[in-house]
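Subject: Structure handover

Hello,

Here is the structure I promised to pass on. Please open it next to this note.

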Amino acid sequence: MNADPVLLDANSLKILFELQRDARQTVQQISEAVGLSATPCWKRIKEMEAAGVIRGYTAVVDREKVGLMVAAVTEVNLERHSESQVQRFEEAVAASPQIVRCVSATGPADYILTVLVPDMKHYEQFLHETLFKLPGVTHVRSSIVLRDVKSEVALPIEQVPLPSASPARTRRR
């Protein structure tokens, strides 16, 4: 994945804000909200999709309403950090549907996972049948989420700095 940021102007950032607020809006609705006509708005959306700024569109589902009552934040340490072991671990994590988020982190844990399951019995089963068997795992520490205080998927677009006015540095997206 390319981590180089794409420089976006104020209108493109407004479009992203609107899409994050409600991706079911029509291009006409988005264009009215950001103050562009529909065609340039549509072109910017397509450019941002092609550049990987917009990775996809999805629905936000309430986990508890679909029966995933237990969320666990799970810290994992690996035995070694060789390229092959890390790759095998990350591939195994990607293949596990219960793991909905995995980050490589600094600090006491090598990885921090978010795991969603129906109940504690299923979490114990997940630990023994999946997590403890992942390649290189030596230590697992779990914290069970009591309550979601904040759970946002939208990025703080209003915090993204606008590119400088130098024409050599900016490109419109």
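Predicted model: local features only at pLDDT ≥ 70, side-chain atom pairs only at ≥ 80, totals over all residues.

Start with helix α4, residues 83-94. It has 12 residues. From first C-alpha to last it reaches 16 Å, close to the 16 Å expected at 1.5 Å a residue.

Which residues of α4 are buried? They are Q85, V86, F89 and V93. These four cover an arc of only 100 degrees around the axis, which puts them on the same side of α4. E83 and A94, on the other side of α4, are exposed.

Next, the cover. The buried residues of α4 are covered by elements including β1 (70-78) and β2 (99-104). β3 (111-117) and β4 (137-144) are also among them.

Five of its seven residues are buried, so β3 is largely enclosed by the rest of the structure.

Now the pairing of β3:

- With β1, β3 pairs in the antiparallel sense, over seven bridges. Here V73 has T114 in β3 as its bridge partner.
- With β2, β3 again runs antiparallel, and five bridges join the two. I99 has V115 in β3 as its bridge partner.

Last, the hairpin of β2 and β3. Six residues lie between the strands. What phi does G107 take in this hairpin? A positive one, near 100 degrees.

If you look at one place, take the side of α4 with Q85, V86, F89 and V93, then go on to β3, which is among the elements that cover them.

Best wishes

Key
Residues numbered from 1 in each chain as written. Heavy atoms only, no water. Expected span 1.5 Å × (residues − 1). Buried < 20%, exposed > 50% of the residue type's maximum accessible area, 1.4 Å probe, protein only. Arc of directions from axis to C-beta. Contact = heavy atoms within 4.5 Å. Pairing = 2+ DSSP bridges.
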